[in-house]
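Reader: Could you walk me through this structure, a step at a time?

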Amino acid sequence: WGRVTTEITNTESFFFRDKGQFKLLKNHIFPELIRRKSKSKTIRVCSAGCSTGEEPYSIAMLLNELIPNFRDWDIIILGIDINMEAVKKAKAGVYRPWSFRGIDQDLQQRFFERTNEQYHISDDIKKIVRFQTGNLLDSSSLDPLSDIRDMDLILCRNVFIYFSNSAVKTVLNKFYNALSPLGYLLVGHAELYSQNPNKFWIKMFEESIAYQRPDHPSVAPTQTISSIALPRSPRLRTVDKDEGQPLDDSLVG
């Protein structure tokens with residue numbers, strides 16, 4: 001099964017893929033998380049479907065840019081993928097130029113050491129990123145999400161497009177349970193169109209849509225809309241695109 005998985009999974013990835021969502025992380029989500037976690041100085045991130053590691057390492061580099069006292073924080077970024085060979089490459093942290101087509105040269109020079117035509121990720125970034133092999137749909141003791149709790153952010157982008165509706169629903173519920181209150185979920189654009197993620201607050205930004213776990217189970221958004229660009233009949237919280245704050249009692253069509 002491991003060999004079959006290696007052959008059929010798509011490992012296409014590069015650093016800072018989807019500039020819009022990384023802009024959202026840089027300008028809104030991470031500044032909010034950093035302010036909210038300033039006392040505990042802890043941030044937990046999960047990259048589900050991490051492939052060869054470019055996404056979780058991109059997250060680590062971005063946090064390094066945003067947090068002045070970066071080394072004083074307890075930051076853990078977990079990458080999960082079903083492809084064992086991809087996870088091996090991710091753990092090695094060695095990349096070819098093709099992986100850098102979305103990255104600024106300054107970041108490449110700061111966080112990588114070049115040896116011949118290969119680039120090795122710096123130790124400061126590598127030590128806060130962990131990887132494991134796992135199947136998001138596994139319901140046994142090998143479920144990679146079974147022991148994951150209190151995540152501040154989960155990214156699962158370009159994964160649900162390969163899943164059936166029932167499989168998406170199963171994993172979405174796992175993500176909800178793995179998130180901390182007010183934790184965020186980011187997926188690929190329109191990947192939840194066939195779902196009704198009514199457990200989440202749906203926060204709209206100019207760059208993308210973010211799904212946030214409410215701070216208390218009894219707290220539920222009250223507005224309901226139907227839009228071609230959104231999942232069916234979600235309860236919605238809209239967001240001021242300049243301030244990133246919820247706009248209560250507003251309706252977006």
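**Cysteines and aromatic rings**

Author: Happy to! Counting as a disulfide a pair of cysteine sulfur atoms within 2.5 Å, the structure comes to zero disulfides. This is a predicted model, where local features need pLDDT of at least 70, side-chain atom pairs count only at pLDDT 80 or more, and totals for chains, interfaces and linings use all residues. Residues are numbered from 1 along each chain as its sequence is written, and side-chain values use heavy atoms, with hydrogens and water left out.

Reader: How far from cysteine 46 is the nearest cysteine sulfur?

Author: Cysteine 46 is in no disulfide. The nearest cysteine sulfur belongs to cysteine 156, and its distance is 8.4 Å.

Reader: Is cysteine 46 buried or exposed?

Author: Buried means under 20% relative accessible area, exposed means over 50%, and partly exposed lies in between (1.4 Å probe, protein chains only). The relative accessibility of cysteine 46 is 1%, so this residue counts as buried.

Reader: How many aromatic pairs does the structure hold?

Author: Rings of Phe, Tyr and Trp (its six-membered ring) pair if their centres lie within 6.5 Å; planes under 30 degrees apart are stacked, over 60 edge-to-face and the rest tilted. With that rule, the number of aromatic pairs is 12.

Reader: Which kind of pair do phenylalanine 15 and tyrosine 95 form?

Author: Their centres are 5.0 Å apart. The angle between the planes is 75°, and the pair is edge-to-face.

Reader: How many residues apart in sequence are the parts that this pair ties together?

Author: Helices (H or I, at least four residues) and strands (E, at least two) are DSSP runs, numbered from the N terminus. Phenylalanine 15 lies in the loop between α1 (2–8) and α2 (19–36), while tyrosine 95 is in strand β3 (residues 94–95), so the parts tied together are apart in sequence by 80 residues.

Reader: Which charged residue has its end over the ring of tyrosine 176, 4.5 Å from its centre?

Author: A charge sits over a ring if NZ of Lys or CZ of Arg is within 6 Å of the ring centre and within 35 degrees of the ring normal. Lysine 199 lies over the face of tyrosine 176 at 5.0 Å from the ring centre. The charged end at 4.5 Å is that of arginine 213.
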